[in-house]
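Please keep the sequence and the model open beside the text.

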Amino acid sequence: MMLGSTPGWPAVLADGPVLLRPYKRGDARAWSEVRIANQKWLAPWESSPPGPWAEMNSTRAYAYVYQDMKRSARRGESMPFAVCLEGRLVGHINLGNIVRRAFSSAYAGYWVDARVAGRGVIPTALALAVDHAFGPGGLHRIEVNIRPENRPSRRVVEKLGFREEAYHQRYMHIDGGWRDHLGYALTSEEVAAEGGLLARWRRVRA
């Protein structure tokens, strides 16, 4: 378990078979397997270090990824969650670039195993993470930036009712070039009256 100074961190969050928890050193094999199996699904959308995908997502690489997540969480800059479905690691959500005081904001990033995509895992996980951020995490605003071509990722935030509020030209270097992104956002006031984002998502699914 990571020890951090971030309000509300570490935390374990769950809804039905979907569980969010801090990463563990022992996640190396499961993380590497799911990342390597999903190269075609994930590589076009991620800002990854140069090098072969298998090497950058090996169990050895996980040791560096894990230490980086641990340091960032300890500094109060992020809340990185392993997303598990029925006990199996199937994805990732990070609340990163956390800024406190007058801004009280973070950026959310996520990915999921294509083999469980379309089953509501990531919308549920993102709703859990956002509710936690707005509650024990003490944040006011969550932003998500997504390439316009990434329809599956856009559907996640659109299902949850995030506002599309910006178009960022040449926003991030991904897959060999500077890529445009759409900016989505949500504030705590927008979901408070509904009992939180998870409650909103349950109504949408029903």
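Leaving aside neighbours within four places in sequence, Met-56 is in contact with Trp-31, Pro-49, Pro-50, Gly-51 and Ala-61, contact being defined by heavy atoms within 4.5 Å. The C-alpha atoms of Met-56 and Ala-193, which are 137 residues apart along the chain, are separated by 43 Å.

The model is a predicted one, in which local features need pLDDT of at least 70 and side-chain atom pairs count only at pLDDT 80 or more, while totals for chains, interfaces and linings use all residues. Residues are numbered from 1 along each chain as its sequence is written, and side-chain values use heavy atoms, with hydrogens and water left out.

## Arg-21 in strand β2

Arg-21 is placed in strand β2 and, with a relative accessible area of 13%, is buried. Not counting residues up to four places away in sequence, Arg-21 touches Ala-11, Val-12, Asp-27, Pro-80, Phe-81, Ala-82, Cys-84 and Leu-89. Arg-21 and Val-83 are 62 residues apart in sequence, yet their C-alpha atoms are 6.9 Å apart in space.

## Aromatic pairs and a charge over a ring

A pair of aromatic rings is described by the distance of the centres and the angle of the planes. Here the rings of Phe, Tyr and Trp (its six-membered ring) pair if their centres lie within 6.5 Å, and planes under 30 degrees apart count as stacked, over 60 as edge-to-face and the rest as tilted. By this rule there are four aromatic pairs. One of them joins Trp-9 and Phe-81 in an edge-to-face arrangement, with 4.9 Å from centre to centre and 75° between the planes. This pair links distant parts of the chain, since Trp-9 is in the segment before β1 (13–15) and Phe-81 is in strand β3 (residues 79–85), 72 residues apart. Both Trp-9 and Phe-81 are buried.

The rings of Tyr-23 and Tyr-62 have centres 6.5 Å apart and planes at 50°, so this pair is tilted. It too links distant parts of the chain, with Tyr-23 in the loop between β2 (18–21) and α1 (28–37) and Tyr-62 in helix α4 (residues 59–74), 39 residues apart. Tyr-23 and Tyr-62 are both buried, and together with Trp-31 and Tyr-66 they form one aromatic cluster. Elsewhere, Arg-35 lies over the face of Trp-111, at 5.0 Å from the ring centre; a charge sits over a ring if NZ of Lys or CZ of Arg is within 6 Å of the ring centre and within 35 degrees of the ring normal.

## Helix packing

Helices α1 and α4 pack at an angle of about 110°, with their axes 9 Å apart, the axes being lines fitted to C-alpha atoms over the stretch in contact, with angles running from 0 to 180 degrees between N-to-C directions. The two helices are therefore roughly perpendicular to each other, given that angles under 35 degrees count as roughly parallel, over 145 as roughly antiparallel, 65 to 115 as roughly perpendicular and the rest as oblique. Their contact is made by Ala-28, Arg-29, Trp-31 and Ser-32 of α1 and by Thr-59, Tyr-62 and Val-65 of α4. In α1, Ala-28, Trp-31, Ser-32, Val-34 and Arg-35 are buried, and the buried residues of α1 pack against α2 (39–42), α3 (53–56), α4, β4 (88–99) and β5 (105–112).

The axes of helix α5 (residues 121–134) and helix α8 (residues 197–205) come within 8 Å and cross at roughly 155°; α5 and α8 are therefore roughly antiparallel to each other. Among the residues making this contact are Leu-126 and Val-130 of α5 and Leu-198 and Trp-201 of α8.

## Backbone exceptions

Most residues other than glycine have a negative phi, and most peptide bonds are trans. The peptide bond from Trp-9 to Pro-10 is cis, with omega near 0°, and Pro-10 is found in the segment before β1.

Arg-101, in the loop between β4 and β5, has a positive phi near 60° and counts as exposed at 80% relative accessibility. Ser-104 lies in the loop between β4 and β5 and has a positive phi of about 45° although it is not a glycine, but Ser-104 counts as buried at 14% relative accessibility.

Conventions: Helix = DSSP H or I, 4+ residues; strand = E, 2+ residues; numbered from the N terminus. Buried < 20%, exposed > 50% of the residue type's maximum accessible area, 1.4 Å probe, protein only.
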